[in-house]
Amino acid sequence: MLASRSYEDSRGFFYLPLYVESCWGGMMAILEEDKSQIIDTHAHLDDEKFHEDREDVVTRAKETGLKYIINVGCDLSSSRKVMALAEEFSMVYAAIGIHPHDAQGVNEGVFRELKELSKHNKVVAFGEIGLDYHYDFSPRELQREVFLSQLDLGKELDLPVIIHDREAHGDITEVLKSKCYRGIRGVLHCFSGSYEMAKECMNLGYYISFAGPITFTNSRRLQEVASKVPLDFILAETDSPYLTPEPYRGKRNEPMNVRLVVEKIAEIKGLPYQAVAEKTLENAKTLFGLS
Ligand code: NI
């Protein structure tokens, strides 16, 4: 008995390192896969919902495999804040601009300051700019005026634009198609239009970005659009702290959750996670000129 037990023990002891090694190898493979680098192309880290734990949020993003976060401004004051955050965190880059909600009160002085801010080497885009006919917080005519001025600025400064379109599909498409705005590069953020609209925008060279809503159970139409948009034109984003993807819907969103958006796109397209992670990162690097 003793001999037999000692034989079992020694065998167990002998095999244990091999067993641990093979488990560790498997775990490392999973971790390697999990560590595919990704990018959140649209977050609002300056939002007050991050005041308590902003540094932890960025650390978690890094640990989840994010290489970059594009932090997007909404007005002059948040544009200044996104600049400060881009200076504080090496993985965070900045987009500056005036959201259609904040079109009221914008004057030449605001554009002058945005132009000044854009000289910073971590500013990679103008945004978010566009039209919002859902909330109509600013009169539509004013929204259009501010949108067009910023498209002009984007063109003048040769910066890509991040476009916000809420229930303004027709007007957005019309503006982007107009002759004077040809040649501008950019992305339709948190895309909510039809595939026909996506096609028109892609023909103009725009990328289509998907956010948390693509994971919602009632978003079959959006998922169908994503299934048709070629991976070459897709970006992924969170729009943190808003639009939290499933299964965390209802909680505060944060950049690490972009992984769930990438996973959903991979599932819809029947592609490996890694392929979508790599391509969406490559697309974003091309658009925003990240090295
Ligand atoms: Ni946003």
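Among contacts in the chain between residues at least 6 apart in sequence, what percentage join residues at least 24 apart? The figure is 72%, where two residues are in contact if their C-beta atoms, placed from the backbone, lie within 7 Å.

This is a predicted model, in which local features need pLDDT of at least 70, side-chain atom pairs count only at pLDDT 80 or more, and totals for chains, interfaces and linings use all residues. Residues are numbered from 1 along each chain as its sequence is written.

**Overall make-up**

The chain holds 10 helices and eight strands. Helices (H or I, at least four residues) and strands (E, at least two) are DSSP runs, numbered from the N terminus. Of the 291 residues in the chain, 43% are buried. A residue is buried if 20 or more other C-beta atoms lie within 10 Å of its own, exposed if 12 or fewer, and partly exposed in between, with C-beta atoms placed from the backbone.

The largest nonpolar core has 75 residues. Such a core is a set of buried Ala, Val, Leu, Ile, Met, Phe, Trp, Tyr and Cys residues joined through C-beta atoms within 7 Å. Ile70, Ala94, Ala95, Ala125, Phe210, Val261 and Ile265 have the most contacts inside it. Not counting residues up to four places away in sequence, Ala95 touches Ile70, Val72, Gly73, Val124, Ala125, Phe126, Gly127, Glu128 and Ile162.

**Helix packing**

Two packed helices are described by the angle between their axes and the distance between the axes. Axes are lines fitted to C-alpha atoms, for helices over the stretch in contact, and angles run from 0 to 180 degrees between N-to-C directions.

| Helix pair | Angle | Axis distance |
|---|---|---|
| α3 (residues 76-88) and α4 (residues 108-117) | about 10° | 11 Å |
| α6 (residues 169-177) and α7 (residues 195-203) | roughly 15° | within 10 Å |
| α8 (residues 220-228) and α9 | about 75° | 9 Å |

Helices α3 and α4 pack at about 10°, which makes α3 roughly parallel to α4. Angles under 35 degrees count as roughly parallel, over 145 as roughly antiparallel, 65 to 115 as roughly perpendicular and the rest as oblique. On the α3 side the contact is made by Leu76, Ser79 and Met83, and on the α4 side by Val110, Glu113, Leu114 and Leu117. These residues divide into five nonpolar, one polar and one charged. Ala, Val, Leu, Ile, Met, Phe, Trp, Tyr, Cys and Pro count as nonpolar, Asp, Glu, Lys and Arg as charged, and the others, Gly among them, as polar.

For α6 and α7, the axes cross at roughly 15°, so α6 is roughly parallel to α7. Their crossing is left-handed, meaning that the near helix is turned anticlockwise from the far one by less than a right angle. His169, Thr173, Leu176 and Lys177 of α6 meet Met197, Glu200 and Cys201 of α7. By class, this contact has three nonpolar, two polar and two charged residues.

The angle of about 75° between α8 and α9 makes α8 roughly perpendicular to α9. Gln223, Ala226 and Ser227 of α8 make the contact with Ile265, Ile268 and Lys269 of α9. Its residues comprise three nonpolar, two polar and one charged. Ile265 is also listed among the residues with the most contacts inside the largest nonpolar core.

Val175 is found in helix α6 and counts as partly exposed because it has 18 C-beta neighbours inside 10 Å. Leaving aside its neighbours within four places in sequence, Val175 is in contact with Leu148 and Tyr181. Val175 and Leu148 are 27 residues apart along the chain, and their C-alpha atoms are separated by 8.1 Å.

Glu88 lies in helix α3. With 12 other C-beta atoms within 10 Å, Glu88 is exposed. Glu88 and Glu55 are 33 residues apart in sequence and 9.7 Å apart in space, C-alpha to C-alpha.

**Backbone geometry**

Most residues other than glycine have a negative phi, and most peptide bonds are trans. A cis peptide bond joins Gly127 and Glu128, with omega about 5°. Glu128 lies in strand β4 (residues 123-132) and is one of the residues that Ala95 touches. Another cis bond, with omega also about 5°, joins Ser240 and Pro241. Pro241 is found in the loop between β8 (234-236) and α9 (258-269).

Asp158 has a positive phi, near 55°, and is found in the loop between α5 (140-157) and β5 (161-166). Asp158 counts as exposed, with 11 C-beta neighbours inside 10 Å. Phi of Glu167 is positive, near 55°. Glu167 is found in the loop between β5 and α6 and is partly exposed, with 15 other C-beta atoms within 10 Å.
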